[in-house]
Structure formats: structure tokens, C-alpha cells
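Look at the sequence and the structure below before reading on. The briefing that follows goes through a sheet, its strands and its nonpolar cores.

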Amino acid sequence: MTHILALIILIFSGLAANAASATDLMARCAKALNDAPSLQVNFSLSVGQNTSACSMTIARQRFTLKSPDMMVWYDGATQWTYITSDRELSITEPTAEELMECNPFAIVNHYANYYNVRAIQGKANTVELSPKHSGASIRRATVTINPDNNLPAAINVTLANGHTFSVKVSSISRGGNIPQASFVYNKSSHPAATINDLR
């Protein structure tokens with residue numbers, strides 16, 4: 001009986017250490033994302049069988065995103081999404097969960113409030129995130145962190161509807177301060193756009 005109890009204690013001690021290590025890894029990643037005045041990120045985005053080359057400029061809570069299909073500006077409160085093929089601009093004030101669907105790097109910033117964290121056995125520097133609350137729009141995510149800079153190297157996301165997408169970072173570099181106006185949609189850039197104000 002004593003041996004069984006000792007084994008149970010050992011197992012749960014190992015699980016606790018595993019969780020602490022994974023949480024520490026995510027905390028360092030979030031700190032690295034927010035310590036830089038700005039980050040320039042180039043990455044591939046894979047959705048189903050389709051892969052696109054994308055780029056983002058991230059300045060803590062603000063970001064811009066460019067892909068072949070759309071452009072996104074977010075100033076920390078309002079988001080403008082321009083769909084290239086339709087020449088249509090949508091204006092929203094997204095929740096934190098909606099932001100995480102559009103900007104996968106936001107998952108790192110919001111992990112502490114929304115996700116349980118655990119390390120994945122056999123995959124160094126990779127953590128699995130599972131939602132703390134039912135009804136979350138993201139069912140599961142894995143984040144692989146580059147040990148050289150503590151920044152994300154890859155993010156894989158499974159949504160509640162079963163759809164998946166993945167991000168693989170090809171380059172990420174730190175930059176200086178960027179004017180807030182750079183994260184606000186400029187009407188003159190797409191004067192013929194149809195505007196849907198959904199706020």
C-alpha cells in the first residue's frame with residue numbers, strides 16, 4: 001500500500017512539474033512578444049489544403065496583417081478587415097476570443113485567462129493549450145517556441161467547429177516604436193471599398 005501511495009505521489013508531482021514548466025515557457029513567450037516595441041513576422045498560413053504567405057506587424061496589442069486574400073488593421077479596440085476579392089471592408093470591435101481566431105499570436109497574450117497549459121511529451125519547447133471554459137471558439141492549440149528568442153515558431157489551432165489552421169514562422173524580427181496611426185485603416189488606400197460597419 002505504501003509503495004502504491006508513493007507511486008501516486010510521484011506521478012502527480014511529475015504532472016505538476018510538467019505543467020509548471022509549460023506555463024513558464026508560455027510566460028516567457030508572452031513576455032518576449034510584449035517586450036519589443038514592435039515585431040515584424042513573416043509566416044505561412046495553412047488552412048486545409050491551401051497555404052498562403054502572410055506578414056504581420058505587431059506592436060503589443062495592435063497589429064496589421066497582410067495576406068493574398070485580405071488585409072487587417074487593429075488599433076487595440078477597432079478592427080478593419082479588407083477582403084481583396086470583394087473590395088469589401090468590415091469594421092468590428094472584436095472580443096479577445098474573436099481576436100485569437102484572426103491573430104493566432106494573440107493566443108500567446110491571452111493564454112493565462114483562457115487556457116490550461118501542458119507540455120507535450122517528446123516535443124521540446126511545445127505546449128498544448130486547452131480551454132478553461134466550455135463554449136470556447138478554440139478547442140485546442142499547440143504553440144512551439146523558439147528557444148533562441150522565446151518567440152513563437154509555429155502555432156496549430158483547432159476551432160470548435162473542427163476546422164484547423166496552422167502558422168509556421170519563417171522570420172521574426174524586433175523593431176522600434178510605430179505610430180498608432182499605422183494600425184488604423186486609411187480610407188484613401190481603398191476608396192472604392194464597400195463598407196460594412198458592424199460595431
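A residue counts as buried under 20% relative accessible area, as exposed over 50%, and as partly exposed in between (1.4 Å probe, protein chains only). Threonine 64 is buried, with a relative accessible area of 14%. This is a predicted model, in which local features need pLDDT of at least 70, side-chain atom pairs count only at pLDDT 80 or more, and totals for chains, interfaces and linings use all residues. Residues are numbered from 1 along each chain as its sequence is written, and side-chain values use heavy atoms, with hydrogens and water left out.

**The sheet**
- Strands (E, at least two residues) and helices (H or I, at least four) are DSSP runs, numbered from the N terminus.
- Two strands pair if DSSP finds at least two bridges between them.
- An open sheet of 12 strands runs in the order E7-E8-E9-E10-E11-E1-E2-E3-E4-E5-E6-E12, with mixed pairing.
- Its edge strands, E7 (115–119) and E12 (194–197), each pair on one side only.

**Threonine 64**
- Threonine 64 lies in strand E3 (residues 62–66).
- Contact means heavy atoms within 4.5 Å.
- Not counting residues up to four places away in sequence, threonine 64 touches Ser55, Met56, Thr57, Val72, Trp73, Ser182 and Phe183.

- Strand E5 (residues 79–83) is largely enclosed by the rest of the structure, because 4 of its 5 residues are buried.
- Strand E4 (residues 70–74) pairs with E5 in the antiparallel sense over 5 bridges, and methionine 70 stands opposite isoleucine 83 in E5.
- The hairpin of E4 and E5 has 4 residues between the strands, and glycine 76 there takes a positive phi near 105 degrees.
- E5 also pairs in the antiparallel sense with strand E6 (residues 88–92), over 5 bridges; threonine 81 has serine 90 in E6 as its bridge partner.
- The hairpin of E5 and E6 has 4 residues between them, and arginine 87 in the turn has a positive phi of about 50 degrees.
- E6 and E12 run parallel and are joined by 4 bridges; serine 90 has asparagine 196 in E12 as its bridge partner.

**Nonpolar cores**
- A nonpolar core is a set of buried Ala, Val, Leu, Ile, Met, Phe, Trp, Tyr and Cys residues joined through side-chain atoms within 4.5 Å.
- The largest nonpolar core has 42 residues, and Met26, Phe63, Phe105 and Leu129 have the most contacts inside it.
- Helix H1 (residues 2–35) gives the most to this core, with 7 residues.
- Apart from this core lies another, of 7 residues, among them Trp73, Trp80, Leu89 and Tyr185.
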